[in-house]
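The paragraphs below lead through one structure step by step, from a pocket to a pair of helices and then to a sheet. Please keep the sequence and the model in view while reading.

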Amino acid sequence: MNTENEKVLERLKRGNDIYIQHDQNAGDVSLAIRKKTAEEGQHPYAIVITCSDSRVIPDAIFSAGIGELFVIRVAGNVLDNHQLGSVEYAFSHLDANVIVMLGHTKCGAISAAQSSHGGTDKFIKYIIDDIHEAIGDETDDYKATVLNVKHGVNIIKNAFHDHPDIEDGELDVLGAVYDIETGVVEWV
């Protein structure tokens with residue numbers, strides 16, 4: 001990890017510490033920052049791919065304000081070409097060089113994948129099938145979540161390993177699990 005990306009990781013960790021210790025989001029959501037980002041555009045320092053679960057709020061978890069995180073949300077934090085296109089946009093056009101694949105405890109999509117192989121829902125089955133591919137027969141909720149995160153990290157690394165916009169060592173892909181009860185982010 002290069003020095004700039006190490007600073008981003010420390011900023012994420014420091015933001016999570018602030019989040020755990022306070023009852024409010026410490027990120028800047030002021031009129032001034034809304035105006036600034038409207039006029040100057042966004043310059044996020046990290047890309048966060050996470051679940052759509054309403055208990056997982058990346059901006060709050062990392063004490064980030066408007067324009068600081070480029071967040072991609074999809075149930076079960078699974079990836080297809082649409083999410084990968086969003087990742088590519090963020091690093092190619094917004095210069096965000098740290099990607100965080102953020103899973104979480106008590107994920108309904110993980111539980112669904114553990115109890116079935118796709119179910120009868122028309123579209124949910126695609127999510128469940130992707131997660132089942134990642135976790136196999138793992139029955140422990142936390143271990144399955146970590147496996148799903150690692151699977152996503154590998155997909156991203158493989159998708160962009162030879163991308164023309166990425167210089168060697170410039171892009172870092174990190175895995176993490178958010179505990180929805182304690183608020184702690186564990187880096188995996």
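The largest pocket holds about 200 Å³ of space, where a pocket is an open set of points on a 1 Å grid over the protein atoms alone, reached by a 1.4 Å probe and with protein on both sides within 12 Å along at least five of seven lines. Of the 13 residues that line this pocket, those closest to its centre are Lys157, Phe160, His161, Ile166 and Leu171; a lining residue has an atom within 4 Å of a point. The model is predicted, so that local features need pLDDT of at least 70 and side-chain atom pairs count only at pLDDT 80 or more, while totals for chains, interfaces and linings use all residues. Residues are numbered from 1 along each chain as its sequence is written, and side-chain values use heavy atoms, with hydrogens and water left out.

Helix H7 (residues 141–160) gives the largest share of the pocket lining, three residues, and the lining as a whole divides into five nonpolar, three polar and five charged residues.

H7 also meets helix H6 (residues 124–135): their axes come within 8 Å and cross at roughly 100 degrees, which makes H6 roughly perpendicular to H7 (65 to 115 degrees). In this contact (heavy atoms within 4.5 Å), Asp130, Ile131, Glu133, Ala134 and Ile135 of H6 meet Ala144, Leu147, Asn148 and His151 of H7.

Turning to the strands, five of them form an open sheet in the order E2-E1-E3-E4-E5, with mixed pairing, where two strands pair if DSSP finds at least two bridges between them. Its edge strands, each pairing on one side only, are E2 (69–73) and E5 (185–187). Within the sheet, strand E3 (residues 98–104) and strand E4 (residues 172–178) pair in the parallel sense over seven bridges, and Met101 has Gly175 in E4 as its bridge partner.

Helices lie across this sheet as well: helix H1 (residues 3–21) lies across strand E1 (46–50), E2, E3, E4 and E5, running at about 150 degrees to E5, whereas H7 lies across E1, E3, E4 and E5, at about 160 degrees to E4.

Definitions and conventions. Grid points are joined across faces, edges and corners, and a volume is the space filled by probe spheres set on the points. Helices (H or I, at least four residues) and strands (E, at least two) are DSSP runs, numbered from the N terminus. Ala, Val, Leu, Ile, Met, Phe, Trp, Tyr, Cys and Pro count as nonpolar, Asp, Glu, Lys and Arg as charged, and the others, Gly among them, as polar. Axes are lines fitted to C-alpha atoms, for helices over the stretch in contact, and angles run from 0 to 180 degrees between N-to-C directions. Angles under 35 degrees count as roughly parallel, over 145 as roughly antiparallel, 65 to 115 as roughly perpendicular and the rest as oblique.
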